Amino acid sequence: MNKITVLSLAFISIARAACPNSCSGHGTCGVDEVCTCYPGWGMGGKEGGDCSERFCPFELAWVDGPNSVGDTHKYAECANKGICDRETAECDCFPGD
């Protein structure tokens, strides 16, 4: 009987999804082993990944360069006017901004 219990528990643990870093407690793990992060959480300033970092608001950039087709003023974190503090999810603006 104990062997059946152990095998059952082993099968159940294998069947569970294994998302990166268990989504850091800031998201849910899907059956495809991809995290769906709670609002404001992601990785590297983008949604997804292991949900380990907060990200700041994205707004139209005040300063940026054109892309290959000449478009400017794209959406950027902190509107390209500062650096995102990942601990507080607040922008630390550059001097004069």
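## Confidence in the model

Across the chain of this predicted model, the pLDDT averages 81, and 80% of the residues reach a score of at least 70. Where pLDDT is low, the predicted coordinates should not be read in detail.

## Aromatic rings

A pair of aromatic rings is described by the distance of the centres and the angle of the planes. The count of aromatic pairs comes to one. That pair is formed by Phe55 and Phe58 in an edge-to-face arrangement, with 6.4 Å from centre to centre and 70° between the planes; the arrangement is called edge-to-face because the angle is over 60 degrees.

Phe55 is buried, with a relative accessible area of 17%, whereas Phe58 is partly exposed, its relative accessible area being 39%. Another ring, that of Trp62, has the charged end of Lys81 sitting over it, 4.2 Å from the ring centre.

## Around Asp85

Asp85 belongs to strand β7, which covers residues 82-85, and this residue is partly exposed, with a relative accessible area of 34%. Leaving aside residues up to four places away in sequence, Asp85 touches Cys56 and Glu90.

A polar atom of the Asp85 side chain lies 2.9 Å from the backbone nitrogen of Glu87. Asp85 and Glu53 are 32 residues apart in sequence, while in space their C-alpha atoms are 9.8 Å apart.

Terms used. Residues are numbered from 1 along each chain as its sequence is written. Side-chain values use heavy atoms; hydrogens and water are left out. Rings of Phe, Tyr and Trp (its six-membered ring) pair if their centres lie within 6.5 Å; planes under 30 degrees apart count as stacked, over 60 as edge-to-face and the rest as tilted. Buried means under 20% relative accessible area, exposed over 50%, partly exposed in between (1.4 Å probe, protein chains only). A charge sits over a ring if NZ of Lys or CZ of Arg is within 6 Å of the ring centre and within 35 degrees of the ring normal. pLDDT is the predictor's confidence in each residue, from 0 to 100. Helices (H or I, at least four residues) and strands (E, at least two) are DSSP runs, numbered from the N terminus. Contact means heavy atoms within 4.5 Å. A polar contact is a pair of N or O atoms within 3.5 Å; within protein, one must be able to donate a hydrogen and the other to accept it, and residues adjacent in sequence count only if both atoms are side-chain atoms.
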